[in-house]
Each structure stands twice: as structure tokens, then as C-alpha cells.
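Here is a chain to go through by question and answer. Each answer sets a value against its definition.

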Amino acid sequence: MKWIVPALLALLLTACSSMGLKKPQVSLSNIEPGKSTLFEQNFTVTLRIANPNAIPLQASGMDFDLMVGGEKLGGGLSNQPISIPANGEGLVPLQVHTSLAAWIRQLANWQQLPGRKLGYEIKGQLKDLNGLATLPFSSHGEWQLPQLGK
């Protein structure tokens, strides 16, 4: 009886590795300001998730941290179901919460950016992917800041 749990775990791990799923590519699509208070700022961050696999990806939610200019801007999590079609992509809007201090540091840094391009890094995980496992992801890139007042 003691061998049943380890045997099932080994079978599950073998099944996951034999599926040969490639990690989805995650990139930043948009950042929009949301409701804020004196101590907390909220943003809607839209992530583009590209699925390079021949099967659809279904996740029960995700969590992530967003680094901007080398510093953590904020993080978020969602329990909303995520569905990305096979060999396709989807946009996933998520809420990011940040503190006033982090926001002020970032705002000061953004004013001095060459070419108004903002370096970012996203680290997180898709939860309960296809009912089997949690899949970590990491991505980085540049986001072009919109022109203000023109």
C-alpha cells in the first residue's frame, strides 16, 4: 500500500514530461492606470500569451511579478480561467498593485529614459495547466512609452 502514492507520482511525472509541452511566450502588451488611493496604485496590465503547442492551453489562473527598469513595480494574481488556442495567442488582462514608494521611484526613472523605451521583466506561473501542473514563465523586453501631452 505504501508504494501506491510514489508509483502514481512517478506515473504523473512521466506523463507530464512525455507530453512535450513547450513553454508559452509571455510578453507585455499594455499598461493602463486604474483606481488608486494614497497608499496603493492599481494598474491593468495586459499580457500577450503565445502558445507554440499543437494543443490548447487551459489554466485555472496565474500569478506574476512585474519588474520595470530593474526594480519590482508590483505583482498580481488571478483565479480567472485562461484559455489559449493551439498554435495561437491570447490577451490576458490582470490587476497589478504597487505601493506609493515603488510608484514614485519608477516615475522618477521613467522621466530619464532614452528613447522613451522601458525595459521590463515578467516572472510568474500558470496554475493548474491543462489540469496537470503549474508552469513557470519568464520574459523580458522593452515597452515603448506613449507620448504625453502631444
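Helices (H or I, at least four residues) and strands (E, at least two) are DSSP runs, numbered from the N terminus. This is a predicted model, in which local features need pLDDT of at least 70, side-chain atom pairs count only at pLDDT 80 or more, and totals for chains, interfaces and linings use all residues. Residues are numbered from 1 along each chain as its sequence is written, and side-chain values use heavy atoms, with hydrogens and water left out.

Q: Where is S139 placed, and why is S139 called buried?
A: S139 sits in strand β9. Buried means under 20% relative accessible area, exposed over 50%, partly exposed in between (1.4 Å probe, protein chains only). S139 has 13% relative accessibility, so S139 counts as buried.

Q: Why is P136 called partly exposed?
A: P136 is also found in strand β9 (residues 133-144). Its relative accessible area is 41%, therefore P136 is partly exposed.

Q: What makes a residue a contact of P136, and which residues qualify?
A: Contact means heavy atoms within 4.5 Å. Leaving aside neighbours within four places in sequence, P136 is in contact with K23, G124 and Q125. P136 and G124 are twelve residues apart in sequence, and their C-alpha atoms lie 5.7 Å apart.

Q: What does S139 touch?
A: Not counting residues up to four places away in sequence, S139 touches V26, S27, Y120, E121 and I122.

Q: What makes the approach of S139 to V26 a polar contact?
A: A polar contact is a pair of N or O atoms within 3.5 Å; within protein, one must be able to donate a hydrogen and the other to accept it, and residues adjacent in sequence count only if both atoms are side-chain atoms. A polar atom of the S139 side chain lies 2.4 Å from the backbone oxygen of V26.

Q: Why is N51 called buried, and where does N51 lie?
A: N51 lies in the loop between β2 and β3 (57-59). Its relative accessible area is 2%, so N51 is buried. A polar atom of the N51 side chain is 3.2 Å from the backbone oxygen of P85. Beyond four places in sequence, N51 touches P56, L57, I84, P85, A86, N87 and G88.

Q: How do you know that β2 and β7 pair?
A: Two strands pair if DSSP finds at least two bridges between them. Strand β2 (residues 40-50) and β7 have eleven bridges, in the antiparallel sense. In β7, P93 is the bridge partner of T46.

Q: Which β7 side chains are buried?
A: In strand β7 (residues 89-99), G90, V92, L94, V96 and T98 point to one face and are buried.

Q: What makes a nonpolar core, and how many residues has the largest?
A: A nonpolar core is a set of buried Ala, Val, Leu, Ile, Met, Phe, Trp, Tyr and Cys residues joined through side-chain atoms within 4.5 Å. The largest has 27 residues; L28, L47, M62, L66, I122 and L126 have the most contacts inside it. Strand β8 gives the largest share, five residues.

Q: How many helices and strands has the chain?
A: The chain has two helices and nine strands. Buried residues make up 33% of its 150 residues.
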